Amino acid sequence: MSAHSRAAWTHKATRETEGGFIQPEFVSDNERMRIVIIGGGIGGLSSALALRRAGFEPEVFEQAPALLDVGAAIAVWPNAMRVLARLGVGEAVSEKSGQIKQARWMAWDGRVLNSFALPDEDAPAVALHRADLQGVLRASLPPESIHLGKHFDSFTSTPASVSASFADGTVVEGDALIAADGLHSRVRAQLLGDGEPVYRGYTVWRGIASIKHPALPPLTATEVYGDGQRFGIGPVGMNRTGWWATANEPENVPESASEHQEKLLRLFAGWHAPVNELIRATPSANILRNAAYDRPPAARWDVEAVTLLGDAAHPMTPNLGQGGCMAIEDAAILARCFEKYGHVSRALRSYEAHRRARTATVSRYSLRYGAVGQWQTSRALRLRSALLSTIPASVGRRLLRLVFDYDAYSINL
Ligand SMILES: Cc1cc2nc3c(=O)[nH]c(=O)nc-3n(C[C@H](O)[C@H](O)[C@H](O)COP(=O)(O)OP(=O)(O)OC[C@H]3O[C@@H](n4cnc5c(N)ncnc54)[C@H](O)[C@@H]3O)c2cc1C
């Protein structure tokens, strides 16, 4: 940290630690800064860890009464694994994961349209149970820095301070508020008031089957294409296979948890064998159902001492498996900006400026890739099969590199 920013911090900290959480004599300047994080998902926990590694002592406020082991598989691509390695948790994440080294596109009847090796990167591509990822992040944070059962209600802010109110009547004061409260962010609603995310026309189901199907090659992420439907398959470690399925349908079609498996078996009847076997091997209650949502990029997402991060800032459709990876990248850039500027407004402005174009680009790629994946007319299907079959491996790798090569710890701030 520069002498200038340190001085600015010391001044601020001396003023704001009166009666605050930390005694000034025993702590560094960074530790005196009170950073409040709303949301203990991937973005909130990664931010807490990245800020802690940069010498800050953030506190996380999560609405759930316990950080539950819910969720399906999540792919963590090299752009995010690079950050996790830097934060010291890369190996712990890899140990709980399945590695992905190959991508494969197939037609619904089992024809292989194309396959190619992923680009060589200095970090692996993996997939694991979301609970395992969150567990690793959580285990690397002091338990007392995570406050559960805290449902954020509203905030007030000035350029140098925030006050967050929770549903249980408590109020937390801080120097900065990082909103990592997800797709339906309450902080965003107050900060930007820009309405609900946009539904993109298809539902996504996800599950983890405790089988390794013999027809599935190892270390391979497969995407199977049909008529307005797709099925994705990948290894998630510990002899398990993660899968996801999509189908075009109107928003908010009612469907209870007990209906998921039966509906998917109906939708994917007649598809290449592993598809149905994976669905059958996943109990209906363990299948998650979400809709594909995103938002057009916001012109700005920080105001005074408050900013957004992860899905709260830039939700994207799940087609590239990059939403969580973007939240992890956000965390690294945010922590670097706090470390570099040591001043709330400058740090938040710089963080947002560095993240806006990157996240907008990845969100746009994801939206387009998904739109092509959900094509339904027979002419469109023929065109898509022809395109997927003819893309040279070198082009496939070049496209992936556009996303994978980003190194949040080495770009210039
Ligand atoms: C079908 C599907 C598949 C996906 N696959 C992948 C993938 O393979 N790879 C990948 O990188 N991404 C994937 N994603 C995207 C990824 O899940 C999200 O981008 C990621 O979870 C965003 O993290 P986050 O921390 O911003 O939000 P979340 O993970 O949603 O966490 C938000 C947290 O905030 C809490 N919260 C919400 N409101 C409040 C409140 N008022 N007060 C306090 N706490 C609150 C919530 O309880 C939650 O814990 C997928 C998404 C979907 C839908």
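# The ligand shell and the parts around it

Colleague: Into how many nonpolar, polar and charged residues does the shell around the ligand divide?
Modeller: The model is predicted. The shell comprises 35 residues around the ligand. By class, they divide into 15 nonpolar, 14 polar and 6 charged.

Colleague: Which residues come nearest to the ligand?
Modeller: The shell draws at least three residues from each of domain 1 and domain 2. Of its 35 residues, the ones that come nearest are Gly39, Gly41, Gly310, Gly323 and Gly324.

Colleague: Which element gives the most to the shell around the ligand?
Modeller: At least two residues each come from helix 3, strand 3 (73-76), strand 13 (198-209) and helix 10. The element that gives the most, with 4 residues, is helix 10.

Colleague: How far apart do the C-alpha centres of domain 1 and domain 2 lie?
Modeller: The domain assignment gives domain 1 as 3-67 + 133-197 + 298-370. It gives domain 2 as 73-131 + 199-294 + 374-404. Between their C-alpha centres the distance is 30 Å.

Colleague: How many nonpolar, polar and charged residues has the side of domain 1 that touches domain 2?
Modeller: The contact takes 27 residues from domain 1 and 23 residues from domain 2. On the domain 1 side, two or more residues come from each of helix 3 (42-53), helix 6 (130-139), helix 10 (323-341) and helix 11 (344-373). By class, this side has 16 nonpolar, 9 polar and 2 charged residues.

Colleague: From which element comes the largest share of the largest nonpolar core?
Modeller: This core has 103 residues, and the members that touch the most others are Ile38, Val76, Leu177, Ala179 and Leu334. The largest share, 12 residues, comes from helix 10.

Colleague: From which domains does this core draw at least three residues each?
Modeller: Val76 is one of the core members that touch the most others. Not counting residues up to four places away in sequence, Val76 touches Met81, Val93, Val126, Leu133 and Cys325. The core draws at least three residues from each of domain 1 and domain 2.

Colleague: What covers the buried residues of helix 6?
Modeller: The buried residues in helix 6 are Arg130, Asp132, Leu133, Gln134, Val136 and Leu137. Their cover includes helix 3, strand 3, helix 5 (90-95) and strand 7 (126-129).

Colleague: Which strands are the edge strands of the open sheet?
Modeller: The open sheet has 6 strands in the order 8-2-1-12-19-18, with mixed pairing. An edge strand here pairs on one side only, and this holds for strand 8 (146-147) and strand 18 (302-303).

Colleague: What is the bridge partner of Asp302 in strand 19?
Modeller: Strands of a sheet pair through backbone hydrogen bonds, either parallel or antiparallel. Strand 18 and strand 19 (residues 306-308) run antiparallel and are joined by 2 bridges. In strand 19, the partner of Asp302 is Thr307.

Colleague: Is Pro65 buried or exposed?
Modeller: Pro65 is found in the loop between strand 2 (59-61) and strand 3. Pro65 has 10 other C-beta atoms within 10 Å, so Pro65 is exposed.

Colleague: By what distance are the C-alpha atoms of Pro65 and Lys150 separated?
Modeller: Leaving aside neighbours within four places in sequence, Pro65 is in contact with Leu148 and Gly149. Pro65 and Lys150 are 85 residues apart along the chain, and their C-alpha atoms are separated by 7.8 Å.

Technical notes
Residues numbered from 1 in each chain as written. Predicted model: local features only at pLDDT ≥ 70, side-chain atom pairs only at ≥ 80, totals over all residues. Pairing = 2+ DSSP bridges. Domains from an automatic or database assignment. Contact = placed C-beta atoms within 7 Å. Nonpolar A, V, L, I, M, F, W, Y, C, P; charged D, E, K, R; others polar. Core = buried A, V, L, I, M, F, W, Y, C linked by C-beta atoms within 7 Å. Buried ≥ 20, exposed ≤ 12 C-beta atoms within 10 Å, placed from the backbone. Near = placed C-beta within 6 Å.
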